[in-house]
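My plan was to go from the overall fold down to single residues.

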Amino acid sequence: MTTATKALSQMKKASKLTNRAFRKNGPKSYKKGQGALLKVLHVSGGQASSRELVERLSFDRGELKNVVRKAERNGYVTIEDAEEKRTYTVKLTEEGEKIAERRCAANSKTAEEILSCLTDEEIAQLNAITEKIIVSCKEHGAHGKRKSGRKHCHSRRARR
């Protein structure tokens with residue numbers, strides 16, 4: 001195994017463990033898609049257009065619509081028509097805002113706990129290094145967005 005392969009393997013392992021820590025310590029009252037939606041809306045001032053959400057969440061339009069409908073049924077958001085064709089505005093409700101605040105607080109706490117082993121300088125170095133890796137991946141064609149037209153399976157059982 002080359003040093004580059006070993007380094008990327010370690011990063012992948014750290015990423016998996018980090019994701020597990022966030023899931024373990026985050027609010028349990030909604031699924032990943034709804035939680036991501038609420039977080040983006042919270043950061044965006046409580047509302048966003050469907051076009052903005054597709055871009056920020058890297059969902060296709062169908063996936064976004066399903067997540068938004070579930071969040072609406074749960075009372076976390078409302079859906080309103082927008083002035084543009086084929087788009088709509090999603091707004092947080094009071095309940096959605098409370099849950100988004102809890103999610104952001106839980107994420108911040110988890111991030112602080114995970115990175116407590118590093119100094120501020122090491123965290124800055126880590127950010128700079130990971131940004132370089134992200135840029136390199138994008139230069140080599142990996143953009144982090146799913147290809148449209150590809151079917152996605154949302155059930156863990158179905159992936160096995």
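My entries on the fold, the charged pairs and a few single residues follow.

**Entry 1: overall layout.** I noted at the outset that this is a predicted model. I looked up the secondary structure and found seven helices and three strands. Along the sequence I read the order α-α-β-α-α-β-β-α-α-α. I then checked burial: 23% of the 160 residues count as buried.

**Entry 2: salt bridges.** How many salt bridges does a search of the whole structure find? I got two.

I took the pair Lys91 and Glu80 to start with; their closest N and O atoms are 3.2 Å apart. This pair links distant parts of the chain, with Lys91 in strand E3 (residues 88–92) and Glu80 in strand E2 (residues 77–81), eleven residues apart. I looked up the exposure of both partners. Lys91 has 25% relative accessibility, so I logged Lys91 as partly exposed. Glu80 has 35%, so Glu80 is also partly exposed.

Then I turned to Glu113 and Lys109, whose closest N and O atoms are 3.9 Å apart. The cut-off for a salt bridge is 4 Å, so I kept this pair on the list. Both residues sit in helix H5 (residues 94–114), four residues apart, or about one turn of the helix. I reminded myself that an α-helix has 3.6 residues a turn, so residues three or four places apart point the same way. Are the two partners buried or exposed? Glu113 is partly exposed at 43% relative accessibility. Lys109 comes out at 54%; exposed means over 50%, so Lys109 counts as exposed.

**Entry 3: a positive patch.** I searched the surface for gathered charge. Lys12, Lys16, Arg20 and Arg23 form a patch of positive charge there. I placed one of them, Arg20, in helix H1 (residues 3–25).

**Entry 4: Arg61.** I found Arg61 in helix H4 (residues 61–73). Its relative accessible area is 45%, so I logged Arg61 as partly exposed. I also looked up Arg51. Arg61 and Arg51 are ten residues apart in sequence, and their C-alpha atoms are 8.3 Å apart in space.

**Entry 5: helix H6.** I tested the length of helix H6 (residues 120–139). At 1.5 Å a residue, its 20 residues should span 28 Å. The end C-alpha atoms are 29 Å apart, which agrees. Which residue just after H6 takes a positive phi? I found Gly141, with a phi of about 95°.

How values were computed: Residues numbered from 1 in each chain as written. Predicted model: local features only at pLDDT ≥ 70, side-chain atom pairs only at ≥ 80, totals over all residues. Heavy atoms only, no water. Helix = DSSP H or I, 4+ residues; strand = E, 2+ residues; numbered from the N terminus. Expected span 1.5 Å × (residues − 1). Patch = residues over 30% accessible without salt bridge, like charges linked within 9 Å, V, L, I, M, F, W, Y side chains within 5 Å. Areas by Shrake-Rupley, 256 points an atom, 1.4 Å probe, with all protein chains shown as cover. Salt bridge = Lys/Arg side-chain N within 4 Å of Asp/Glu carboxyl O. Lys, Arg positive; Asp, Glu negative; His and termini not counted. Charge placed at Lys NZ, Arg CZ, Asp CG, Glu CD. Buried < 20%, exposed > 50% of the residue type's maximum accessible area, 1.4 Å probe, protein only.
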